[in-house]
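Trainee: Hi! Could you walk me through this chain, one piece at a time?
Mentor: Happy to. Let me put it up.

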Amino acid sequence: MKLHFYGTSGGGAQPELYCSCRICNYAREHRGPDMRSRSQALLNDALLIEFPVDTMMHCFYGGLDVRKYHHVLITHDHYDHFLHQELVDRPIGATPHHYYTTWGSGTKIREKEEAGKKLDQTGHPRPRMFPVWHEVKYFEPIEIVGHTVIPLVARHVGPELQAAIYIINDGEKNLLWGTDTGYFPDETWDYIENKWDGVLDGVVLDCTLHAVERITPSHMCLPQCVEVIERLEKAGKLKADAVKYVTHISHLTDMTHDELSAEAAKHGIKVAYDGLDVEI
Ligand SMILES: [Zn+2]
Ligand SMILES: [Zn+2]
Ligand SMILES: [Zn+2]
């Protein structure tokens, strides 16, 4: 299983535009892995994970060519994961692109489709982008471009959003894509521990926050990622040689990439950065 990280930041990116904190200033000065764009990844050169506000930037500077990837898995409808406004272009020779979200995170793309139909009726042709929306439902496996994807409940903002995290199987390996979420809700633990018969080869977890000032239950900090990993291990759901990464990292960690990497390494965890290739 091959994973490429195009973007590894939280919603505000890093450095945040108007922020003068130590981490943002360090990023401006040193660039490298401390410069983080909004979260997006590519699995097995086939399944694109997220379509954030920085998709355009990943195409301009990160080597991403979205025309090649016709299936996009979305965790939830926040602009750092799903910028549906970008799907209004008038591309020439476009083929349908498929977007997979829960019902709650598909509201705006459904509205866009309805608005397009109305435009057709008034004789004004709608934009020639063809986003095809597919609903995913919690705990119901779905096949997407050679991958079996199981949506799990995330702890993220309100219930209307229906944010999801995913177990993704490519026929050989199992990856848990775990952002954006706080410490997993009980129903997700119950599914992983008692109903799912697989074992994870890799985890990618949300590490937005600082351990001391945890300002929201919607994201995690490094100690919570460790807690998740230890619980997975205890349940026999994580292989001993599993690949463990944190991503969705913000200045709120109050750690530079090197500082966070040093802390994470104590627990066998690595820290993702923009442009990173990982073999799972
Ligand atoms: Zn986010
Ligand atoms: Zn900052
Ligand atoms: Zn979010």
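Mentor: Let's begin with Thr-148, whose bridge partner in strand E9 is Asn-169. Keep in mind that this is a predicted model, where local features need pLDDT of at least 70 and side-chain atom pairs count only at pLDDT 80 or more, while totals for chains, interfaces and linings use all residues. Residues are numbered from 1 along each chain as its sequence is written, with chains lettered from A and ligands numbered from 1 in the order in which they are written.

Trainee: How many bridges join E8 to E9?
Mentor: Six, and E8 (residues 147–153) and E9 run antiparallel. Two strands pair if DSSP finds at least two bridges between them. The labels are DSSP runs numbered from the N terminus: helices are H or I with at least four residues, strands are E with at least two.

Trainee: Is E9 enclosed or open?
Mentor: Five of the six residues of E9 are buried, so E9 is largely enclosed by the rest of the structure. Buried means 20 or more other C-beta atoms within 10 Å of the residue's own, exposed means 12 or fewer, and partly exposed is in between, with C-beta atoms placed from the backbone.

Trainee: And what does E9 (residues 164–169) do with E10?
Mentor: Four bridges join the two strands, which run antiparallel. Tyr-166 stands opposite Trp-177, and Ile-168 has Leu-175 as its bridge partner. Four residues lie between the strands of this hairpin, where Gly-171 takes a positive phi near 100 degrees.

Trainee: Which way do the residues of E10 point?
Mentor: Asn-174, Leu-176 and Gly-178 point one way, Leu-175 and Trp-177 the other way, and all are buried. In a regular strand the side chains alternate between the two faces of the sheet.

Trainee: What about E10 and E11, parallel or antiparallel?
Mentor: Parallel, over four bridges, with E11 covering residues 200–206. Gly-178 has Leu-205 as its bridge partner there. Together with helix H4 (residues 186–195), E10 and E11 make a right-handed β-α-β unit. Right-handed means that, with the strands pointing away from the viewer, the path from the first strand over the helix to the second runs clockwise.

Trainee: Switching to helices: which residues of H6 are buried?
Mentor: In H6 (residues 257–265) they are His-257, Leu-260 and Ala-264. Seen down the axis of H6, they fall within an arc of 70 degrees, so they line one face of the helix. That arc is of the directions from the helix axis to the C-beta atoms. An α-helix has 3.6 residues a turn, so residues three or four places apart point the same way.

Trainee: What's on the other side of H6, and what covers the buried residues?
Mentor: Ala-262 and Ala-265 are exposed on that other side. The cover includes helix H5 (222–234), strand E12 (238–247) and strand E13 (270–271).

Trainee: Last one: how many helices and strands does the chain have?
Mentor: Six helices and 14 strands. Of its 280 residues, 44% count as buried. The C-alpha atoms fill a box of roughly 60 × 45 × 35 Å, taken along the principal axes.

Key. Two residues are in contact if their C-beta atoms, placed from the backbone, lie within 7 Å.
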